[in-house]
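Me: I have a chain open here and have not looked at it before. Can we go through it piece by piece?

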Amino acid sequence: MIPSLRIASAAGSAAAGEMQAEAQRTSPAGIANGDMVIAYENPMAMKAVVVDEKGRFDNRFGSFTMKDWVGLPFGSKVFARGGQGKQSGASRGGWLLLLAATPELWTLVLRHRTQILYIADISLVCLNLELRPGSVVLESGTGSASLTHSLGRCVAPTGRVHTYEFHLGRSEDARKELEANGLGGVASVTHRDIMENGFPVEEHRGRADAVFLDLPGPWKVVANAAECLKPNGRFCSFSPCIEQIQKTAEALSSTGFTDIETVEILLREYEVRGERTLMVTDELLQRSLAPPPRNQPKQQEQWRKAGRQQQQQQQQPLADGGGGEDAAIGDAAAPANAPALEVAGDAPALEVAGADDAADAAAGAPSGNAASNEAIGADMAEGEPSAEKASAAAGSGGTGDGSDNEDSGGGEGGGGGHDVKRQKVGGGAAAVAA
């Protein structure tokens, strides 16, 4: 049962206290046999249950005897039979909250006969329709009566909600639910196709404070709704597609409605979780780099092994890179702590082997790349090459006319060329095309 809305005027704190005391005296003693309660497990799991003192309610937490619910106030916490503890001589297991039905809770537990409006949209609709106790509202279609329950609470106890549904079965089910939930005197359900026949003008002409439409073609009912509304009445249509909204807005404008606006509301819930944040300080960093204590030999051995591997990687000589891409790969293999690349000055870049090199190889002569590699290897053997040797090694494979050096820069005769860089690795040096 949804409790009726109590209206109080601002008459001072003393009067408010008297009204609260009167409400407590006139309120029911507690849950009675045949009442509907919301069996609440958590925000995502709840169910409407009609109390039967001879029955029981079973869920994942156990079995609940309904005769134990009778006489308890709404909001009571009840425990299942079976488990730990005692309650009324029975073993105590899982628990439920027995809540009184409200329109918000009913929206979450009702039987879906159609798609429904939820709390976010319902709140915006009731706000923009400017509903208050005593208002008269026309609604179509009723559907599962989710919105109808909230409309009824807004206009109770002296207002009226006239809701229309074209489907006979759905209209009968909605009427039964509204009566069972205590809104039979506020809301009336009528079987009628509003899109084809419109609201009964002879009954509602100029008497409605607000009209709400949830129809496939609301623009077809705009003119009929205007006849039923009072001056300065409010109209609201709920549509999922922008094409429906455009047609409805055009019909509203041509009928004489003003202050037309389109609103979409998106509900986003914030999830609050406790997380641990680690602040990295200098002291913590030094502690992480320090060797393990002596009473942890296994960790000490792992730490020494990791140090030896790092030292071997740093001492490993640079592989012979060849020319072009091979030289770049050789540079990538250098240890991370090697000195930065040094510019050796303007000199021809390493030449990529071409057709002339293939011919030289066939004749037994070294190719340009081979000569370059030999020069670089000689420099590495000497230990500390000069920039001139690196430049000479880089340009030794050039041809006189530079015909084979269009992409990489020619030798001495090729003109152009790029800066040549070298990197010291283990006492040697390698020329790399910039």
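Me: Where is P157 found?

Reply: P157 is in the loop between α4 and β8. This is a predicted model, and in it a cis peptide bond joins A156 and P157, with omega about 5°.

Me: Which residues does the other cis peptide bond, with omega about -10°, join?

Reply: That bond joins S140 and G141. G141 lies in the loop between β7 and α4.

Me: What about A145, where is its place?

Reply: A145 is also placed in the loop between β7 and α4. Its phi is near 65°, a positive value in a residue other than glycine.

Me: Is A145 buried or exposed?

Reply: Buried: A145 has a relative accessible area of 0%, and the cut-off for buried is under 20%.

Me: Let's back up to the whole chain. How many helices and strands does the secondary structure come to?

Reply: The chain has 15 helices and 14 strands. It has 434 residues, and buried residues make up 36% of them.

Me: And what share of the contacts join residues at least 24 apart?

Reply: Counting contacts between residues at least 6 apart in sequence, 55% join residues at least 24 apart.

Me: OK, sheets. In what order do the strands of the open 5-strand sheet come?

Reply: The order is β9-β8-β7-β10-β11, and the pairing is parallel.

Me: Which strands stand at the edges?

Reply: β9 (187–191) and β11 do. Each has a single partner strand, so one side of each is left without a neighbour in the sheet.

Me: By how many degrees are neighbouring strands turned against each other?

Reply: In this sheet the average is 20°, with direction ignored.

Me: Over how many bridges do β7 and β8 pair?

Reply: They pair over 5 bridges in the parallel sense, β8 being residues 160–165. As a point to find on screen, E139 stands opposite T163 in β8.

Me: What about β8 and β9, over how many bridges do they pair?

Reply: β8 and β9 pair over 5 bridges, in the parallel sense. There, Y164 stands opposite T190 in β9.

Me: Change of topic: helices. At what angle do the axes of α3 and α4 cross?

Reply: Roughly 40°, and the axes come within 10 Å. Helix α3 is residues 119–128 and helix α4 is residues 146–155. The two are therefore oblique to each other, since angles under 35 degrees would count as roughly parallel and those from 65 to 115 as roughly perpendicular. α3 passes α4 in a right-handed crossing.

Me: Which residues make the contact?

Reply: From α3 they are I122, V125 and C126, and from α4 they are S146, L147, S150, L151 and C154. By type, the contact has 6 nonpolar residues, 2 polar and no charged.

Me: Which residues of α3 are buried?

Reply: A120, I122, V125 and C126 are the buried residues of α3.

Me: What do those pack against?

Reply: The buried residues of α3 pack against α2 (103–109), α4, β10 (208–213) and β11 (229–237).

Me: In which sense do β1 and β2 run, and how many bridges join them?

Reply: They run antiparallel, and 6 bridges join β1 to β2 (residues 45–50). A hairpin of 2 residues connects the two strands. A39 stands opposite K47 in β2.

Me: Last one, T65. Which strand is it found in?

Reply: T65 is in β4, residues 62–65. T65 is buried, at a relative accessible area of 19%.

Me: Which residues does T65 touch?

Reply: G55, R56 and R81, leaving out residues up to four places away in sequence. T65 and R81 are 16 residues apart along the chain, and their C-alpha atoms are separated by 7.9 Å.

Methods: Residues numbered from 1 in each chain as written. Predicted model: local features only at pLDDT ≥ 70, side-chain atom pairs only at ≥ 80, totals over all residues. Heavy atoms only, no water. Pairing = 2+ DSSP bridges. Helix = DSSP H or I, 4+ residues; strand = E, 2+ residues; numbered from the N terminus. Axes fitted to C-alpha atoms, helices over the stretch in contact; angles between N-to-C directions. Parallel < 35°, antiparallel > 145°, perpendicular 65-115°, else oblique. Left-handed = near helix turned anticlockwise from the far one by under 90°. Contact = heavy atoms within 4.5 Å. Nonpolar A, V, L, I, M, F, W, Y, C, P; charged D, E, K, R; others polar. Buried < 20%, exposed > 50% of the residue type's maximum accessible area, 1.4 Å probe, protein only.
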